[in-house]
Amino acid sequence: MDGTLSQDEINALLEGMDTSGGADSGDSASGGGGAMSSEIDESLLTDVEKDAVGEVANISMGSSATTLFSLVNQKVNITTPRVTLCNWDTLMADYERPCVFVQIKYTIGLDGSNIMILKEHDVMVITDLMMGGDGTNIQDGEIGELQLSAISEAMNQMMGAAATALSSMIDQKVDISPPQATLLAAMDTDPGEIAEFLRGTFVRITFKMQIGDLVDSSIMQLYPVDFAKSLYDTFITSTKEDQLPPPQEPAPAPEQPAPSMDAGMPAMDQSQMQQQPMMQQPMMQQQPMMQPQMMMQPQMMPMQNMNVQPASFQNFSPDGQLIAGGENITLIKDVPLEVTVELGRTHKPISDILDFAPGTIIELDKVAGEPVDVLVNGKYVAKGEVVVIDESFGVRVTEIIK
């Protein structure tokens, strides 16, 4: 021995294991939750499967971005995803902490779960916007139960919209369970406490997310490898079904040959037809000559004599209408109708409507004290004045519109 280490011994020391293959410090690195694989097996997912998973994620996050826009009232842009295989050590090295893990489980249509990872700053901005702030009052803030609850609700609506998009894509209902948000601050957190599939190799989908001028960051979505493969199978199956041609209608039954052509010809089996191929050519040449004659035949039929006379109608006297029976309003007295009282109306451009917030005052087209309109099933029938009856609003009818 010259005192130098072999490559195998160097690799064993870097992996925290001795040369005999026994575990040394792997358990402590995983937070006491059991050994984790530090190797990433790239063969677990093919390039075609990665492309399919990326397409599914792209459709899902497109719907999620629209939903997030409605929640924060800011322009949201989520770029095309990038799909890679990853493990816990690589994930912790690439993503800053503290961060928030939001786990979503599928309950109908798909069998599996996925995890969304958002940075602490992004969560604070989103939750502040959801609570009516401007997204900037987060300098000294820390993520608490209120923020975790708010981001869980945001993810619930976003992933609900994504599930609806998946339902349309695979043509079957997809539903999710309420998301669970977890704040991850320490490096030595046991991944098994968040999700068991984080102990091994999993699929990481990275997006770039922009929210107005407040957020320019990245978010991640984590899939178990088995769930990613099932998404690929479902996506490919639905794509093949969409590409199948529509079922063809059965061909109509062949028409019986005209008696005039076959009446004097003896029956001929297939063997005789093969032995006499020259006989078919004269028959094919005669058929076009017979078709005009057969088409002209219906026109040459003599027309039958028809008795045509004008129609006669019975005359009814005005008294006959009264005898037939009058209106019986009692038959429809139990039919419920919707009565609406309209205080006023106005027209606003979309830009003004998007600026609506709690406290916004909307000016109507009616003057204070002017009678309100009473509508029945949307039809304007009366005018009235607003009154209060035992702590409830009411309307006293002042004029009937005929």
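**Close-up 1. No disulfides turn up anywhere in this predicted model**. A search through the whole structure comes back with zero of them. For anyone new to the term, a disulfide is a covalent bond between the sulfur atoms of two cysteines.

**Close-up 2. Helix α6 runs from residue 145 to residue 170**. With its 26 residues, α6 spans 36 Å from first C-alpha to last, close to the 38 Å expected at 1.5 Å a residue.

**Close-up 3. A nonpolar patch sits on the surface**. Its members are Val341, Val386, Val388, Phe393 and Val395, and together they have about 490 Å² of accessible area. Strands β11 (379-389) and β12 (392-400) each give two or more residues to the patch. Val341 belongs to strand β9 (residues 339-342) and is partly exposed, at 39% relative accessible area.

**Close-up 4. Here are some of the ten salt bridges**. Side chains of opposite charge can pair when their charged atoms come close. Arg345 pairs with Glu342, their closest N and O atoms 2.8 Å apart; Glu342 is buried, at 19%. Lys208 and Asp216 make another, at 3.9 Å, with Lys208 partly exposed at 39% and Asp216 exposed at 55%.

**Close-up 5. Lys366 meets Asp373 in a salt bridge**. The N to O distance is 3.6 Å. Lys366 is partly exposed at 23%, while Asp373 is buried at 14%. Elsewhere, shared partners link Asp190, Glu196 and Arg199 into one salt-bridge network.

Notes. Residues are numbered from 1 along each chain as its sequence is written. This is a predicted model: local features need pLDDT of at least 70, side-chain atom pairs count only at pLDDT 80 or more; totals for chains, interfaces and linings use all residues. Side-chain values use heavy atoms; hydrogens and water are left out. Helices (H or I, at least four residues) and strands (E, at least two) are DSSP runs, numbered from the N terminus. The expected span of a helix is 1.5 Å times one less than its number of residues. Patches are made of residues with over 30% relative accessible area and no salt bridge: like charges are joined within 9 Å, nonpolar side chains (Val, Leu, Ile, Met, Phe, Trp, Tyr) within 5 Å. Accessible areas come from the Shrake-Rupley method with a 1.4 Å probe; for residues, only the protein chains shown count as cover. A salt bridge is a side-chain nitrogen of Lys or Arg within 4 Å of a carboxyl oxygen of Asp or Glu. Buried means under 20% relative accessible area, exposed over 50%, partly exposed in between (1.4 Å probe, protein chains only). A disulfide is a pair of cysteine sulfur atoms within 2.5 Å.
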